[in-house]
Amino acid sequence: MKIRLSLNVNNEPVEALVDDYKTLLEVLREDLNLPGTKHGCELGECGACAVLLDGEPVLSCLTLAAESSGRAVTTVEGLVENGQLHPLQEEFADRGAAQCGYCTPGILVTAKALLDREPTPTPERIREALSGNLCRCTGYHQIIEAVEAASKRGGRVFRPGKTTEPGGVQGAPPTKQ
């Protein structure tokens, strides 16, 4: 049976007619053409499929698409604002935190949720927040460093559409320090 989904995906309203048995992961990749979210274990153990649902990390492989109707979904594609990479994305690139890159989208959105809640987490809190995201390539050292560095980027508040630069200018482009 088909169901009609109305969601907000990456700050854009989306309507889709999808099979009722599909997971959010399948809808994002197959129906909405957002391939950044990865198929990993499909058992909820690796975190490669993590997205934000109303700002909280969820495993999209375990979430029925119907459960997301009327809600806000943020994928890795939604981290880019006004053509600019999110500070997490920049720091991951600058610090070599992504090697094969398969786990990176899930780690980025999970780290974003952490920074939204705790703008300056300790390395221990970063490790704890990312404990559900598996990476087989990096050994995590660069990942932790990149998240920590992104948290120190000039006082920028990490909320799409509500970016505030030091000095209180809403929507001002981020400054690299």
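1. E91 is buried, with a relative accessible area of 8%. Here, buried means under 20% relative accessible area, exposed means over 50%, and partly exposed lies in between (1.4 Å probe, protein chains only). This is a predicted model, in which local features need pLDDT of at least 70 and side-chain atom pairs count only at pLDDT 80 or more, while totals for chains, interfaces and linings use all residues. Residues are numbered from 1 along each chain as its sequence is written, and side-chain values use heavy atoms, with hydrogens and water left out.

2. E91 forms a salt bridge with R95. A salt bridge is a side-chain nitrogen of Lys or Arg within 4 Å of a carboxyl oxygen of Asp or Glu. The closest N and O atoms of E91 and R95 are 2.8 Å apart. R95 is partly exposed, at 38% relative accessibility.

3. E91 also bonds to R153 in a salt bridge, with the closest N and O atoms 3.4 Å apart. This pair links distant parts of the chain. E91 sits in helix α2 (residues 87-94), and R153 in the segment after α5 (141-151), 62 residues apart. Helices (H or I, at least four residues) and strands (E, at least two) are DSSP runs, numbered from the N terminus. Both R153 and E91 are buried.

4. Another salt bridge joins the side chains of D19 and K2, at 3.3 Å from N to O. D19 lies in strand β2 (residues 12-19) and K2 in strand β1 (residues 2-9), so the pair ties together parts that are 17 residues apart in sequence. D19 is buried, at 17% relative accessible area. K2 is partly exposed, at 49% relative accessibility.

5. Now look at strand β3 (residues 50-53). Both of its faces are covered. A50 and L52 are buried on one side, V51 and L53 on the other.

6. What does β3 pair with over four bridges? Its partner is strand β4 (residues 56-59), in the antiparallel sense. Two strands pair if DSSP finds at least two bridges between them. V51 has V58 in β4 as its bridge partner. β3 and β4 form a hairpin with two residues between them. In the turn, D54 has a positive phi of about 50°.

7. β3 also pairs with strand β5 (residues 72-74), again in the antiparallel sense, over two bridges. The bridge partner of L53 in β5 is V73.
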